[in-house]
Amino acid sequence: MHHPDICIAGAGIIGLSLALELHHRGARVTILDRDAALTHASIAAAGMLAAHDPENPSPLKPLSELSVSLYPKFLSTIESLSGLAVPFQTSKTLQSHSSYPDSSDATLVPTLTPGNHRFAFLEEHSIDPRQLAAALLAAVRNTPIQLLEQTPLLHFTETSHCIRIETSYGTLETKRLVITSGAWSPAPVLPRKGQMLTVALPPTLSLREVIRTPEIYIVPRTQGPRTGHALIGATVEDAGFDTTTHPADLARLRALAAELLPALADETHCPIVDQWAGLRPATPDALPILGQPSPSSNLVFATGHYRNGILLAPATALVLAQLLSGENPSINLAPFSPDRFPTTGHIAQ
């Protein structure tokens with residue numbers, strides 16, 4: 001029987017980031033995943049570190065700002081372990097919101113047609129989640145962390161001193177079990193589908209900023225293998241675990257983007273190069289679930305990050321590692337407590 005100090009169920013960006021932080025603190029860590037690591041929401045995202053998106057719930061702000069402050073060190077640590085750099089793709093976002101007084105900042109993007117939108121620039125970075133996933137996975141593999149892919153958690157039993165976990169790999173006994181399984185986490189987390197596409201930007205369109213409205217975002221890639229491309233997203237659908245893409249939905253996304261940047265309507269010079277759908281882990285209040293369902297529980301949650309998993313990974317890893325180490329977390333976790341949802345504390349085991 002294997003006896004890690006901490007077992008993490010879910011090998012997405014949240015699970016792997018937490019594993020690295022715990023390993024750094026000296027813990028023996030095992031990660032389980034029902035599929036291959038980093039194959040779902042972690043690589044489906046656009047990669048905006050949107051800490052100041054006005055559409056975000058206000059209780060998310062302290063966790064978001066903490067995470068942004070941690071990002072340079074987070075990327076540096078991953079690079080030192082993996083040998084793979086993850087550059088920032090953009091450093092500014094042109095954000096639309098009805099509360100902004102005017103669109104004077106929009107004139108700084110000459111190709112933009114603002115219409116009725118009121119735009120302002122935000123100091124905000126973006127990364128390519130696929131670059132991050134490759135580097136993060138290599139970093140984990142270069143440590144003693146045990147990563148068990150294609151190994152679903154079948155059943156677990158919690159006692160006063162440990163958790164016994166049954167998997168297809170065998171039985172594990174651990175001090176703590178952390179649920180980081182995203183859209184596959186227990187209720188109240190539910191999958192919320194998002195369809196996206198990538199287009200090759202025409203030579204006439206030089207885009208170095210993210211453009212975002214409440215309905216659409218356009219995220220350029222400026223470094224790495226997808227340089228010269230831009231992501232356009234995303235739908236928000238309650239469609240279960242379906243990840244099918246639909247031409248009509250993608251066409252609508254493209255049309256909304258072309259209202260802002262007319263050059264994106266030219267299918268000859270701006271062809272689609274990729275399309276996909278991801279499953280965001282959503283909660284009823286759009287806030288993540290972080291912590292224990294009860295003070296005496298050895299079960300811990302780090303899930304429900306909805307549209308902000310990439311943004312919140314470093315801060316989630318830090319505050320959960322602090323919690324698991326018996327330290328006071330860097331921010332107040334009360335807004336994210338599992339006990340705000342009655343079902344979270346009564347998981348079928």
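Student: Leaving aside neighbours within four places in sequence, which residues is Thr283 in contact with?
Tutor: Thr283 is in contact with Pro188, Val189, Ile289, Gly304, Arg340 and Phe341, once neighbours within four places in sequence are left aside. Contact here means heavy atoms within 4.5 Å. Before we go on: this is a predicted model, where local features need pLDDT of at least 70, side-chain atom pairs count only at pLDDT 80 or more, and totals for chains, interfaces and linings use all residues. Residues are numbered from 1 along each chain as its sequence is written, and side-chain values use heavy atoms, with hydrogens and water left out.

Student: OK, and is Thr283 buried or exposed?
Tutor: Thr283 counts as buried, because its relative accessibility is 7%. The cut-offs are under 20% relative accessible area for buried, over 50% for exposed and partly exposed in between, with a 1.4 Å probe and protein chains only.

Student: Where does Thr283 lie?
Tutor: In the loop between strand 14 (272–282) and strand 15 (289–291). Helices (H or I, at least four residues) and strands (E, at least two) are DSSP runs, numbered from the N terminus.

Student: What lies 2.7 Å from a polar atom of the Thr283 side chain?
Tutor: That's the backbone oxygen of Leu287. A polar contact is a pair of N or O atoms within 3.5 Å; within protein, one must be able to donate a hydrogen and the other to accept it, and residues adjacent in sequence count only if both atoms are side-chain atoms.

Student: Let's zoom out. Which domains does the assignment give?
Tutor: Domain 1 covers 1–87 + 128–189 + 284–344, and domain 2 covers 88–127 + 190–282. The bounds come from an automatic or database domain assignment. As for the contact between them, 32 residues come from domain 1 and 34 residues from domain 2.

Student: How much area do domain 1 and domain 2 bury between them?
Tutor: About 2,800 Å², with 60% of it on carbon and sulfur atoms. Buried area is the accessible area (1.4 Å probe) that two parts lose on being put together, summed over both.

Student: And how many salt bridges does the rule find across that interface?
Tutor: Four across the interface of domain 1 and domain 2. The rule wants a side-chain nitrogen of Lys or Arg within 4 Å of a carboxyl oxygen of Asp or Glu. The interface also has 10 residue pairs in polar contact, both residues at pLDDT 80 or more.

Student: Which elements give two or more residues to the domain 1 side?
Tutor: Helix 2 (41–44), helix 3 (61–82) and helix 4 (129–141) do. Helix 4 gives the most, with four residues. The residues on that side divide into 21 nonpolar, six polar and five charged.

Student: Which residues are linked with Asp5 in a network of salt bridges?
Tutor: Arg28 and Lys175.

Student: What about Lys92, which residue does Lys92 form a salt bridge with?
Tutor: Glu123, with the closest N and O atoms 2.4 Å apart. Lys92 sits in strand 3 (residues 90–96) and Glu123 in strand 4 (residues 119–126), so this pair ties together parts 31 residues apart in sequence. Lys92 is partly exposed at 31% relative accessible area, while Glu123 counts as exposed at 62% relative accessibility.

Student: Last one: which residues does Arg34 touch, not counting residues up to four places away in sequence?
Tutor: Gln150, Thr151, Pro152 and Trp184. Arg34 lies in the loop between strand 2 and helix 2, and a polar contact of 3.2 Å joins the side chains of Arg34 and Asp35. Arg34 is partly exposed, with a relative accessible area of 43%.

Methods:
Nonpolar A, V, L, I, M, F, W, Y, C, P; charged D, E, K, R; others polar.
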